[in-house]
Amino acid sequence: MPGARITALELFDQLRERLLLKWGAGQRGETRVLEAAETVSRRPSLAGYLNVIYPNKVQILGTEELTWLDSLDSRQRWETIEKIIQFRPLAIVISKNQACPSDLQIAAEESDTPLWLSPRRGHELFNHIQYHLARTLAPRITLHGVFMEIYSIGVLITGDSGSGKSELALELITRGHRLVADDAPEFTQIAPDVLDGTCPDLLQDLLEVRGLGVLNIREMFGDTAVKRNKYLRLIVHLGKPIDVSTDGIERLTGDSSSRHVLDLDVPRITLPVMAGRNLAVLTEAAVRVHLLRSKGIDPAAAFMARHTHFLQRSGS
């Protein structure tokens, strides 16, 4: 999602209970903002221990950092604190409820730099803040379709309006698969090769089926029929019937391609929608084929190799 951002107050509110945060100074700086565009470069990082060379967006001060500050003479100490403040971090966090140095507290208050205190150890602060910021500011996109867990993998069902996506999803749910999101699933690139799909809060547990309206899947089928999030591994597209008579190879390999989502190419299998076809069974089969291919097993390639070997034997 272009323009992802988070303010100091939002970060504080989101992590306050888990990290037991409390304000030490600089509360007027609660509107300080961290933009996603600022995280493109490797340096500075989102969160880390005190670094005055490559400053972090959230500067964590543990026992060692405060001891190091105490070892400096008065001039060096003030220059260091001034440098930390000039970098305009989103926040400064002191671990293990250590006493905040008065000069640092005064500098934070005068510059409106958020200064927080926590009883947690430094590595706990680092892990939680880094993970939370990385997910919040990661590239994000909303796609049209129904996102489901089928045979343990995340599958996005796409197609034109009226192609039967919701009806297919409903039948798959009755067959034991799980709904993640209908209509507008959100995908976040949380790693170079991972797209995590979630459901907007407004649409949680809901599925719209024409003629029936909005259904609450959790209430109808139980907690096991829904899933909070899932990694996107496959797209099943419901397409219009096509004439494959001119391309016999497609009858062997199926209509497989890929769709570019954020920085990743996601495998896509197109299923032609025609009267009398059991799309639920075909979708399950498509997922099984994808799982086989991911293990290096390709039935079409094996058949063509067998056919080639047969022709060679017949010609000899």
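Analyst: Within strand β5, I60 is the bridge partner of Y49. The model is predicted, with local features requiring pLDDT of at least 70 and side-chain atom pairs counting only at pLDDT 80 or more, while totals for chains, interfaces and linings use all residues. Residues are numbered from 1 along each chain as its sequence is written, and side-chain values rest on heavy atoms, with hydrogens and water left out.

Strand β4 (residues 47-49) and β5 run parallel and are joined by three bridges; strands are DSSP runs of E with at least two residues, helices are runs of H or I with at least four, and both are numbered from the N terminus. Two strands count as paired if DSSP finds at least two bridges between them. β5 is also joined to strand β6 (residues 91-94), again in parallel, by four bridges, and L61 has I94 as its partner in β6.

In a regular strand, side chains alternate between the two faces of the sheet.

Most residues other than glycine have a negative phi. K96, however, has a positive phi near 55°, and N97, likewise not a glycine, has a positive phi of about 50°. K96 is partly exposed at 37% relative accessible area, and N97 is partly exposed at 43%.

Key
Buried < 20%, exposed > 50% of the residue type's maximum accessible area, 1.4 Å probe, protein only.
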